[in-house]
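Student: Hi! I've got a model open and would like to talk it through with you. Can you take a look with me?

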Amino acid sequence: MVHLGRLASMIEADPAQLLQPIMRGRDLLLYFRGCVHKFGSPGVCEDRINIFRDHFPPPVDQTDVVILAMCCGNHFGPPRTLSHCEGCYDNFRNVNGSNVSCTAAWPDVSFDEGMRRARFAFAPRGCGSLSYRLLEAIGAGSVPVLTGRGTFVPFAGEGHLGQLWARCVIHTPEDQLPQLISSLRAISDAEYHTRLLACAQIAALQSHSTQVMTEQTICIILYRIVNFLKRERKGELPVWLSTAGSALRADLGPHSETMRVPYSRVLMSQCSRVGVPLVHP
């Protein structure tokens with residue numbers, strides 16, 4: 001995915017041809033394998049249970065849809081859990097002295113295999129409003145489908161990076177989940193290729209790296225500040241981002257010497273490298 005993302009940024013090519021290596025063997029429409037926990041304060045961690053109970057009762061009766069909600073932790077007693085998780089502990093239930101898998105009726109497709117075979121990866125919220133499954137899906141060459149109360153697409157579509165995320169992720173409100181599978185089947189090849197290319201470009205930025213993610217966040221804040229000041233100043237950039245700004249010593253890359261350069265050039269270089277080019281006159 002990193003390689004494809006870099007190619008997409010450098011050359012003009014037919015998306016279908018460019019993505020062919022990553023598209024091979026994608027025989028699953030939608031895949032999920034992950035934990036459903038019954039813990040935490042009411043209203044905080046119960047969202048995933050509600051999503052699967054209301055919209056994906058086991059098993060989903062379509063051979064190319066694998067939704068494997070694992071019963072992680074203790075599922076004894078109240079509050080209410082998923083029907084197949086009742087009386088389970090770490091996805092096993094004691095039946096006449098034998099441990100039986102609580103998801104035995106579901107297709108047993110491993111996480112790595114499922115993510116490699118799926119066109120779309122289901123990413124329901126857990127205890128927080130985002131899921132690291134977005135990055136796992138991107139890394140495996142699958143388009144993530146984000147859902148859940150209070151969820152949002154990273155960086156809110158702001159700047160180049162935010163637009164990549166908006167094109168990559170399918171963000172589905174919970175009330176539209178009953179139509180999710182049919183809507184995924186209706187997506188054209190052209191739209192799917194556009195989304196997958198955006199995901200590849202996110203991967204090429206090394207967005208899975210904590211350092212890169214931190215720099216992206218700082219640069220998005222700078223992007224907001226710059227655009228706010230431009231509006232306030234009727235298009236004029238602040239001094240600290242213009243060529244008249246202060247100079248400092250900086251290393252602009254592995255092949256450049258340390259030198260005194262305008263502050264604006266350092267910011268432009270660093271933010272562009274992580275996918276957030278700042279506004280420049």
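Predicted model: local features only at pLDDT ≥ 70, side-chain atom pairs only at ≥ 80, totals over all residues.

Student: Is helix 9 mostly covered or mostly open?
Tutor: Mostly covered: 12 of the 16 residues in helix 9 are buried. Among them are Tyr192, His193 and Arg195, and also Leu196, Leu197 and Ala198.

Student: How many bridges join strand 6 to strand 7?
Tutor: There are 2 bridges between strand 6 and strand 7, and the two strands run parallel.

Student: Which residues of helix 4 are buried?
Tutor: Asp47, Arg48, Ile49, Ile51 and Phe52 are the buried residues of helix 4, which spans residues 47–55. Those buried residues pack against strand 1, strand 2, strand 5 (118–124) and strand 6 (143–147).

Student: Switching topic: how many disulfides does a search of the whole structure find?
Tutor: The search finds 5 disulfides. We can go through a few of them, starting with Cys35 and Cys72, whose sulfur atoms are 2.0 Å apart.

Student: Where do Cys35 and Cys72 lie?
Tutor: Cys35 lies in strand 1 (residues 28–36), and Cys72 lies in the loop between strand 2 (65–71) and strand 3 (92–95), so the pair ties together parts that are 37 residues apart in sequence. The torsion about their S-S bond is about -70°, so this disulfide is left-handed.

Student: Are those two cysteines buried or exposed?
Tutor: Cys35 is partly exposed, at a relative accessible area of 30%. Cys72 counts as buried because its relative accessibility is 13%, and the cut-off for buried is under 20%.

Student: What about Cys71, what is its disulfide partner?
Tutor: Cys71 forms a disulfide with Cys85, their sulfur atoms 2.1 Å apart. Cys71 is in strand 2 and Cys85 is in the loop between strand 2 and strand 3, so the parts tied together are 14 residues apart in sequence. This disulfide is left-handed too, because the torsion about the S-S bond of Cys71 and Cys85 is about -80°. Cys71 counts as buried at 0% relative accessibility, and Cys85 is buried with a relative accessible area of 0%.

Student: Which parts of the chain does the pair Cys219 and Cys271 link?
Tutor: The sulfur atoms of Cys219 and Cys271 are 2.1 Å apart. The torsion about their S-S bond is about -85°, so this disulfide is left-handed. The pair links distant parts of the chain, with Cys219 in helix 10 (residues 210–232) and Cys271 in helix 11 (residues 263–273), 52 residues apart. Cys219 counts as buried at 5% relative accessibility, and Cys271 counts as buried at 1%.

Student: I also clicked on Gln216. Where is that one?
Tutor: Gln216 is in helix 10, and at 1% relative accessibility it counts as buried. Leaving aside neighbours within four places in sequence, Gln216 is in contact with Phe155, Leu161, Leu205, Ser207, Val274 and Val276.

Student: Last one: how many helices and strands does the protein chain come to?
Tutor: The protein chain comes to 11 helices and 9 strands. Of its 281 residues, 45% count as buried.

How values were computed:
Residues numbered from 1 in each chain as written. Heavy atoms only, no water. Buried < 20%, exposed > 50% of the residue type's maximum accessible area, 1.4 Å probe, protein only. Helix = DSSP H or I, 4+ residues; strand = E, 2+ residues; numbered from the N terminus. Disulfide = S-S within 2.5 Å. Contact = heavy atoms within 4.5 Å. Pairing = 2+ DSSP bridges.
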